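Look over the model first.

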Amino acid sequence: ARLRNDKVGFVFQAFNLLPHETVLENVKLPLIYSNIPESEWEKRSKDAVISVGLEHRMHYQAIQLSGGEKQRVAIARNLVVNPQILLMDEPFGALDTITRRQIQLFLRSIFENAKLDPTVIFVTHSESEAVFLSSDVYILDSGPASILHHYTIDLPKVRDESVRYSKEFTEYVNKLGSLLEELKKEEK
């Protein structure tokens with residue numbers, strides 16, 4: 001449990017926030033279970049909230065936030081301990097398309113511009129999301145989970161919205177989509 005608390009972050013599709021606690025208190029929560037001295041909790045929590053662009057909502061209760069803001073709080077809550085591994089299980093599935101794209105851009109910017117460099121394992125059913133967010137894509141069997149295919153995504157590390165309209169991006173998305181269709185046919 002100590003290793004998990006100090007080294008691994010989890011971001012799920014459900015935000016899992018305490019609804020009547022403030023953004024700051026929700027972000028501070030994992031520090032209670034960490035080895036980080038209590039004297040650092042306030043600064044680290046505020047820095048994490050600022051890093052996700054929610055300084056203007058720091059003292060709002062979680063229940064007062066939009067879905068996209070709640071997901072950014074969930075991300076900040078994980079970044080506050082600077083995990084070595086960040087597990088993300090369809091974290092944008094509950095968001096509308098526009099908010100989903102905004103949060104994808106936001107997530108890329110955090111890891112492109114920050115000192116944080118965790119290994120991120122991101123589960124998604126969206127080929128486009130996988131290509132946009134990843135350097136490597138693994139397609140898993142439906143069960144028991146085993147790797148069926150691996151693709152290295154050779155796009156620039158720094159990606160903005162314009163990369164989605166490039167020929168290379170479209171080719172990767174189409175290749176993954178075709179492979180998934182092929183795999184579905186084989187299952188039947």
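Q: Which residues in H3 do Val-23, Leu-24, Val-27, Lys-28, Leu-31 and Ile-32 in H2 meet?
A: This is a predicted model. Contact here means heavy atoms within 4.5 Å. On the H2 side, the six named residues, from Val-23 to Ile-32, take part. Their partners in H3 are Trp-41, Glu-42, Arg-44, Ser-45, Lys-46, Ala-48 and Val-49.

Q: How do the residues of the contact of H2 with H3 divide by class?
A: Charged residues number four, and one residue is polar. The nonpolar residues of this contact number eight.

Q: At what angle do H2 and H4 pack?
A: The axes of H2 and H4 are 7 Å apart. Their crossing is right-handed. The angle between H2 and H4 is about 35°.

Q: Which residues in H4 do Val-23, Asn-26, Val-27 and Pro-30 in H2 meet?
A: The residues of this contact divide into five nonpolar, one polar and one charged. H2 brings the four residues named in the question. H4 brings Val-73, Ala-76 and Arg-77.

Q: Which element gives the most to the lining of the second largest pocket?
A: This pocket holds about 350 Å³ of space. Helix H1 (2-7), strand S1 (8-12), helix H2 (23-32) and helix H4 (67-79) each supply at least two lining residues. With four residues, the top contributor is S1.

Q: Which of the 14 residues that line the second largest pocket lie nearest its centre?
A: By class, the lining has eight nonpolar, four polar and two charged residues. Nearest the centre are Asn-5, Phe-10, Pro-30, Arg-77 and Asn-78.

Q: Where does the largest share of the lining of the largest pocket come from?
A: The largest pocket has a volume of about 1,400 Å³. Helix H5 (97-113), strand S3 (119-123), helix H6 (127-133), strand S4 (136-140), strand S5 (147-152) and helix H7 (167-187) each supply at least two residues of its lining. Six residues, the largest share, come from H7.

Q: Which residues are closest to the centre of the largest pocket?
A: The lining of this pocket has 20 nonpolar, seven polar and twelve charged residues. Of the 39 lining residues, the closest to the centre are Phe-122, Ser-134, Asp-136, Val-137 and Tyr-138.

Notes:
Residues numbered from 1 in each chain as written. Predicted model: local features only at pLDDT ≥ 70, side-chain atom pairs only at ≥ 80, totals over all residues. Heavy atoms only, no water. 1 Å grid on protein atoms, 1.4 Å probe; cavity = no way out; pocket = protein on both sides within 12 Å on 5 of 7 lines; lining within 4 Å. Points joined across faces, edges and corners; volume = space filled by probe spheres on them. Nonpolar A, V, L, I, M, F, W, Y, C, P; charged D, E, K, R; others polar. Axes fitted to C-alpha atoms, helices over the stretch in contact; angles between N-to-C directions. Left-handed = near helix turned anticlockwise from the far one by under 90°.
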